[in-house]
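Morning, everyone. Please look at the model on the screen while I go through a few residues.

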Amino acid sequence: MKSTGNIYSVSQLNQSVRLMLENQLGPVWLTGEISNFSQPVSGHWYLSLKDENAQVRCAMFRMKNMRVGFRPANGMQVLVHANVTLYEPRGDYQLIIESMHLAGEGLLMQQFEALKLKLAEEGLFAQYLKKNLPHFSKAVGIITSKTGAALQDILHILQRRDPSLQIVIYPTAVQGKDAAVEIAQMIELANRRQEVNVLIIGRGGGALEDLWCFNEEIVARAIFHSNLPVISAVGHETDITIADFVADLRAPTPSAAAELVSRNQTELLQQLQYRRQRIEIALDRLFVEKQQILRHLSLRLQNQHPQAQLRIQQQLITQLSHRLQQSLRHHWQKTSENLTALSMRLYKNPLPLRIQQHEQQLSQLKVRLNSQMNLNLGLQQKQLAHLCGKLDSLSPLKVLARGYSITQNQQNLTIRSIKEVNVGEKIRTRLADGEIISQISQLEKT
């Protein structure tokens, strides 16, 4: 008798078989007829799938069966995606169902998953390739049925939110065997015409078969190669198509797509009012600043006016003359005091001769002093008269009185060269007794 190797317990054997089934078979697709369907209070589904020759027990837990869009019944043909396993306590092998579809719909789902995997591997779903929608759309293209309710929903929302938005409709079938080709042709037509900024592709809700044209490869590749941004808006929020994965943006419904491409007029008016207020505030601030600058320049102009400069020079001459007179009086007073002191000293001297000498010296000194004072006073007066004459000759008004004039441009700047003016420009010429306003008709160099 041959040795059987390790001796298993029943539990160990069932566990090993379960692991073998789960690891070697993995997920499978299976089609069959439902029988023995039941749903206890836990919410889980228990059933058998059978064909003419065999059957297998199945379970579908509540969190999974909540996604099924129909109520299973005995005798119904379905396609399931399930994991093969073993229920260890009884040693029964079974399927744990992950998803369930009606038999015809299930075949479509297999095709859907196969195309989705193929296009994903080619990079058609890559997020970095998605195009951004324009910030403000000027024109929107709608690829859908011209008689469908989806088109009316989109038009109603666009009219309500942004009546100024231009709309171009590219009518096409959205159901049937020719729909996919027509949709792809309309995408290519919109890209050739370049008359819109963004495209909305979609239709209203329906069964998987009704939406199948949006799962066709020709539509997916047309969307991918579109230079215009594409919004996919197919069916209801729960409906997912290949077009949703390829499009630059998916909208849960056609109405939501219209919301995405349109601008809310009320919000735009509020933004416009806010910006208008900011501009008014900025203009008021600028006006106040310019007024302050104008007042400052006017004050500077007044201070630099020739008459103002002349008044300042006259005030300076008056101050200098007053200081000179005070200095002369002080010097005269001090000299008189010194003479008086000397006279007293001479008067008190007992020697007549010395008195006589001192008197003679005093007389001479008086004569010299008077002569020197008169000379100094004459020199000071001549210097003062000379300064007054120079100041008077430098006065702009004096220059004007001699027949000269000052010519200024429209910015009140003195013109010193013909390069500072142009033909046709108005100028102002100031004379001693008034001003002349003239216009330049010709410029000649000397």
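Predicted model: local features only at pLDDT ≥ 70, side-chain atom pairs only at ≥ 80, totals over all residues.

Residues are numbered from 1 along each chain as its sequence is written, and side-chain values use heavy atoms, with hydrogens and water left out.

Start with Ser343. Ser343 has 29% relative accessibility, so it counts as partly exposed. It sits in helix H10, residues 306–347. Helices are DSSP runs of H or I with at least four residues, strands are runs of E with at least two, and both are numbered from the N terminus. Leu362 is 19 residues away along the chain from Ser343, and their C-alpha atoms are 7.8 Å apart.

Next, Thr241. Where is Thr241 placed? It lies in the loop between strand S9 (230–234) and helix H7 (242–246). Its relative accessible area is 1%, so Thr241 is buried. Which residues does it touch, leaving aside neighbours within four places in sequence? Phe112, Phe214, Asn215, Ser232 and Val234. Contact here means heavy atoms within 4.5 Å.

Last, the rings. Rings of Phe, Tyr and Trp (its six-membered ring) pair if their centres lie within 6.5 Å; planes under 30 degrees apart are stacked, over 60 edge-to-face, the rest tilted. That rule gives 2 aromatic pairs. One of them is Phe37 with Trp45, edge-to-face, at 5.6 Å centre to centre and 70 degrees between the planes. Phe37 is at 17% relative accessibility, so it counts as buried. Trp45 is at 4%, so it counts as buried.

Conventions
Buried < 20%, exposed > 50% of the residue type's maximum accessible area, 1.4 Å probe, protein only.
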